[in-house]
Structures are given as C-alpha cells and as structure tokens.
Amino acid sequence: MPPTTDPDPKLAEYAHPEKLVTTGWLADHLDDPGLVVVESDEDILLYETGHIPGAVKVDWHTELNDPITRDYVSSERFAELMRSKGIGRDTTVIFYGDKSNWWAAYALWVFSLFGHPDVRLVDGGRAKWEAEGRPMTTDAPSRVASDYPVVERDDAGIRAFRDDVLAHLGQPLVDVRSPDEYSGKLLHMPNYPQEGALRGGHIPGAKSVPWARAANEDGSFKSRAELDALYRGEAGLGQDDNVVVYCRIGERSSHTWFALTHLLGYENVRNYDGSWTEWGNAVRMPIEREADAG
Amino acid sequence: MTADGLPPPLAEIVADFAAAPPRDRLEMLLEFAQSLPPLPAHLADHPERLEPVPECQSPLFVTTEIEDGVVHIYADAPAEAPTTRGFAGIFHAGLDGQPPEAILAVPDDITARLALAEVVSPLRLRGAAALLGRMQRQVRDRLAAEASTPT
C-alpha cells in the first residue's frame, strides 16, 4: 500500500496536498515500505555530516546533470541512478534539502521530467527537521538495488527551452531572482559565485517575484491564502495562464514551479532551466533593464 | 618547496587526493572540514578583521597574519557549509606556518590538481580558487606594508 497523504490542515488547503509532507508526518512514516527519502543539497558534503535516517543522497551537479552536455541525464542514466539508490518506479520519493529546499525542489522537478509518479517535498526541508531536534545520522542507508525501467524523459510539459521562451514573449513570465539581478544591477546572486552572464537585466515582460516570497522564515511554504495573494493577486497570474518561470540556472525557479504547480494548481507552468546563464549570454536575446517592468 | 611549486604539506594533500578512489575523496574533504580549527579569541571577538570570500556559495571569511616570518591562516565558515569549510581546511592544513613566498608561489590551478572536480563539480571549486587568491592578495599586501614601514 502506498504511503498515505499527510492530513495536516495547512497542507489540506493546497491544490495538491499529496505533494507535500510535514516533518512530523515524515518522522512517523520513515519506516513505511515503498517510501524513500532523498536529500538534495547545494552543499555536496552536507548529507555526509548527518541526514534523516535512511535517506539517500542525490546530487544535482554530479548525478542529475549530464557530465558533458548542458542537459539532464539520459533516460538510461536516470534509470541506473534510480536502481543504485534503491528507488523503484512505484516508490514514493520524498525530497528535502538545504536552502529552503531549492535543490530538493530542483531534484523533484528533474524526477518529474522522467514522470516519476509519486514525488513529494518535506515542508521546511532540512533546516526545519534539524531545528525541531529530529533524528539525524551519519549511518549509510542500506538499500537494496531496485529495478527501474528506462523511461523516456519528457521535456514538453514542464520544461521550457530558449526558443520556447522567445515564442512565449507577451505571456506571463516570472523572474524569481533577487531584485538586483532582475534590474540588471547584478549579474548573479548577492554573495554567490559569478556564474558567468555577460549581460544583466531580465526577459522582457517578466514579473519579479523573488522565490523567497513563497517561503516562511523556517523554510516552509507560505499558506495557500498567502500564495494566492502573491501569485494570483500581486503577480496577476490567471488560473489558465501559460507561465514560464526562470532564475539563474533553474534551481530557485524549481521552487516557484513547485509552488505554482502543486500548491496552487496551475496546470501550465514550465521551468526555463537555461535561465539567465543562457539568456544573458546568448546573442541578440531581447533584454529589459528597468526595475519596474511588467 | 617541492618540484611542483607546492609547500610539502600541501603537496602531500594533493598526492593523497590523487591516490584516493573518487568515492573516498568526499570523505577526505569532510575530514578537512571538521579539522578546520576555531578562530582564536582575537579574531572570534572581531569578525570584521576577516575578509569575506563572496565567490564561495556559502559564507566564508578568511584572514592571514605574518608572524616571525611565517603566515598563519584563519578561516571561518558555518557548519552547514561543509564543502566550503573543507576547502578552507585544506589550505589551513597545507599552508599554515609556511613562509609568505611559499604561499605566493602556490599556482592558481591548485584546485584542479586536487582531483575533486569530478566528485565536487567545477562550479563548486571556483570558491576554493577565490579563497586562495584572496589569501595570496592579503599576504602580498602585508609584505608590501611591512616593506614600507621603517623598523
């Protein structure tokens, strides 16, 4: 029997409550059969310092990206990765990570490209679990290699490429970077390494809604009502709109993609993972620089 | 200094990483993260004396002091940033106590020589290179300041 949905009242308000679990629910269900917890962090060593008991690690850089081409791994490689982690196609995969779940949401989004059926996020991620004093261990999980089918990756539904974005201009775009990156003042996140964009600014018509506005102090998602006020109200996204979200390399926008798709129930949201590191470097891309566009 | 321009302790670390199977290299980096000593009191009480290294993905602060002809390296990064701490730990273990010239002679491709790119990803290594660059600049500035101060 697959793990149940967390009945938490806050989650029940969301469009797809089955896509999120609370730390408390996870603590009670760690031993459920058919469930694998995946930690995905920005810091590649954080998992080794201690992780949720039984959790396996999936690294976005070294395991989800193709080592040569700027793309995600092939279907064969993804299947191999899943087998090595002991994840089957019918496994419930529950992601958590550092930085308010940026990378956990990113990993969840990549799993979604391969159509993995049951993927969920831990509301609040690693920081909330730790802050609540819940168990952490450095013991390596003992997982038996699984069988995972080679499933064709389907980029069409939730991933946008540069040409898709060019064709999309005039329709809703959400830029989730910091205000200074959006305005063109900075070419990268404050206090982050320069990830090489030659031009600053944003995609014409994009609304600025920094990803963090969807999160509380403790890293958990804002309530349904708050998210509605932010995206439907302030950003003016209509339920049937076709929306593209982007950031710098697609990780922060995965967080927003998750909020729009799974928490608010938007059905046509694509993440442009080329994001600013592609747009800000490609020749003749239209760029807007004033701070208050859109 | 060894033939490849590295002070012996750093050369040994480079050799250890190169000899280790990829799976073990992360574990080694974690050990360096854990072995980074806490800041001494005169710096712990005055964080403004440390220079931020914004190129690192997580907050990292570093300062160098030259005393009796050798350089001391002091660095601090939060426990939840073990990779960043690990890089600082490597430089501390490999360079602390070396003469200024030896530190300035460390080639800037040192991070590539650490055989970490395939397990850590090149992007994460940029911060380590920036850390070295900032330490070297500090040492150069301190030497210049000493040279211009009458004794």
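Where is Lys19(A) found? In this predicted model, the loop between α1 (9–12) and β1 (20–21) of chain A is the place to look.

**View 1. A buried lysine, Lys19(A), without a salt bridge.** Lys19(A) is buried, but no salt bridge goes with it. Asp118(A) is the nearest side chain of opposite charge, and it sits 5.2 Å away; a salt bridge would need the lysine nitrogen within 4 Å of a carboxyl oxygen. Setting aside neighbours within four places in sequence, Lys19(A) touches Pro117(A), Val119(A), Arg120(A), Leu121(A), Phe258(A) and His262(A).

**View 2. An open, parallel sheet of 4 strands in chain A.** Read across, the order is β7-β6-β8-β9. At the edges are β7 (207–208) and β9 (269–272), each pairing on one side only. Further in, β6 (residues 173–175) and β8 (residues 243–246) pair over 3 bridges, in the parallel sense. Look for Leu173(A) here: its bridge partner in β8(A) is Val244(A). Helix α10 (residues 252–263) lies across β8 and β9, running at about 180° to β9(A).

**View 3. Helix α4 (residues 75–85) of chain A and its buried residues.** Ser75(A), Phe78(A), Ala79(A), Leu81(A), Met82(A) and Lys85(A) are the buried ones. Down the axis of α4(A) they fall within an arc of 160°, so they line one face of the helix. Glu80(A) and Ser84(A) are exposed, on the face turned away from that buried side. The cover over the buried residues includes β3 (56–57), α3 (60–64) and α5 (102–113) of chain A. Just past the helix, Gly86(A) takes a positive phi of about 75°.

Definitions and conventions
Residues numbered from 1 in each chain as written. Chains lettered and ligands numbered in written order. Predicted model: local features only at pLDDT ≥ 70, side-chain atom pairs only at ≥ 80, totals over all residues. Heavy atoms only, no water. Pairing = 2+ DSSP bridges. Helix = DSSP H or I, 4+ residues; strand = E, 2+ residues; numbered from the N terminus. Contact = heavy atoms within 4.5 Å. Axes fitted to C-alpha atoms, helices over the stretch in contact; angles between N-to-C directions. Buried < 20%, exposed > 50% of the residue type's maximum accessible area, 1.4 Å probe, protein only. Lys, Arg positive; Asp, Glu negative; His and termini not counted. Arc of directions from axis to C-beta.
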